[in-house]
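Biologist: Please take me through this model and say what backs each label.

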Amino acid sequence: MSTDESPAPSLWASLKEAVHGTEQDFTEAPVGRAILLLAIPMVLEMVMESIFAVVDVFFVSRLGAEAIATVGLTESILALLYALAMGLSIGASAMIARRTGEKDPEAAARVAVQAIGLGVLVSIPIGVAGVLFAKPLLMMLGGSPWVVEHGFRYTQLMLGGNGIILLLFLINAIFRGAGDASVAMRVLWISNSINIVLCPLLVLGLGPFPELGVVGAATATTIGRGVGVCYQLYRLFLGKGRVAVRREHLRFEPATMLVMTQLSGSAIFQMLLGTASWTVLVRIVAAAGSAAVAGYTIGMRIILFALLPSWGMSNAAATLVGQNLGARKPERAEQAVWRAGFYNMVFLGLVGLAFILFAEPLIGTFTQEPEVRAIAVRCLRIVSAGFIFYAYGMVLTQALNGAGDTATPTLINLVCFWAVELPLAWLLTNPLGMGPSGTFTSISIAFSLSALLGAWAFRRGRWKLRRV
């Protein structure tokens, strides 16, 4: 009798197995169970990543609108770094998933080493530039004199420690691609727990800790992520996971590095197109002043809190696509994607409804400044209105990436975010006089269009023919 016909474990047993780690072969298990075992730890991982985004701004908001604006402007720069990290991660995860599906753990370990080496090489020039040019970057983004003079050290620390961010993303992508999603989840639990404890201590100067203000938030985040990276490396070299790195794997392999660079190159451009648009959007909003930037920052942080768990579901779909293509089961891969998209739609639809109904009290936990609060509420409600579309769009585009077809999502991002979103944001915000609400409306329209184009591209089926 096949695996699909075997009695299914109880839901509670599956939940425990997903969190504690599983030896399940995701190319053989029933599709629904495979999604569950991968998605639960991946969603919990992304919940922790989203808490990173919320914790800092929660405590920094006690310092006023200028401090929040410092975080918001720096995040718009870091968005480019996240794009780079996610692009590299897509390439690494797709290759690891294929090798895992092909039952070749030795090749998977070699890919992991090349991915880590690539991340280290990329981080060095970014860190140097971030430390040297923090002030000019803040000025270029429209930061107020206070932000430039008092907030630049926050920017320096976040950009200077970019290597930690890159490695955190990359190594967790390795774990996810191999199916060790529970390990990636624990990494974020450790990192975020440290950040939650340190952030108020260092921002507000509680007890024996120095009052570092906004710089304290960057310090806490960097320390938390740094500890997470140490745990990742420990798990990789422990030799008990699906990807086990040993001494003989620690060598430069030009051919593997070249394939990964080619695959990641398009993915990086794809992510840059999407996230660079956020940098332009914050510049459009900044024209309305620090209160508008603060409101935008708070609203988008809460939205990110909801969207990042959905990336967990999307990452589960990408892993299943890569592994099943490696096992030469393209129809099973397609079935997994459509089912994951439906699950994601139900989740995000409920979250979006809650955000629309309870926007006022949610925003009120972050700020009581009337102007900032009003803008943040509008941001939360307008963007949340498109959550159902985003749900399918995220899963479909990430599935294409998991198959190694990074070019199609890149084209979708180019059309949706640069040909539609940015011109529309400028038009609605300035000439048509909608103010920041015009920017929020353009975000909702662009993401909805992205979902429709993603569905069209996925149904064409060309991704099934990709070789990685």
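Modeller: Helices here are DSSP runs of H or I with at least four residues, strands are runs of E with at least two, and both are numbered from the N terminus. The model is predicted: local features need pLDDT of at least 70, side-chain atom pairs count only at pLDDT 80 or more, and totals for chains, interfaces and linings use all residues. Residues are numbered from 1 along each chain as its sequence is written, and side-chain values use heavy atoms, without hydrogens and water.

Biologist: Where is Ser144?

Modeller: Ser144 lies in the loop between α5 (134-140) and α6 (145-150).

Biologist: Why is Ser144 called buried?

Modeller: Buried means under 20% relative accessible area, exposed over 50%, and partly exposed in between, with a 1.4 Å probe and protein chains only. Ser144 has 16%, so Ser144 is buried.

Biologist: What makes the pair of Ser144 and Glu66 side chains a polar contact?

Modeller: A polar contact is a pair of N or O atoms within 3.5 Å; within protein, one must be able to donate a hydrogen and the other to accept it, and residues adjacent in sequence count only if both atoms are side-chain atoms. The side chains of Ser144 and Glu66 make such a contact at 2.7 Å.

Biologist: Why are α3 and α4 called roughly antiparallel?

Modeller: Axes are lines fitted to C-alpha atoms, for helices over the stretch in contact, and angles run from 0 to 180 degrees between N-to-C directions. Under 35 degrees counts as roughly parallel, over 145 as roughly antiparallel, 65 to 115 as roughly perpendicular, and the rest as oblique. The axes of α3 (residues 65-101) and α4 (residues 105-132) cross at roughly 170°, and α3 and α4 are therefore roughly antiparallel.
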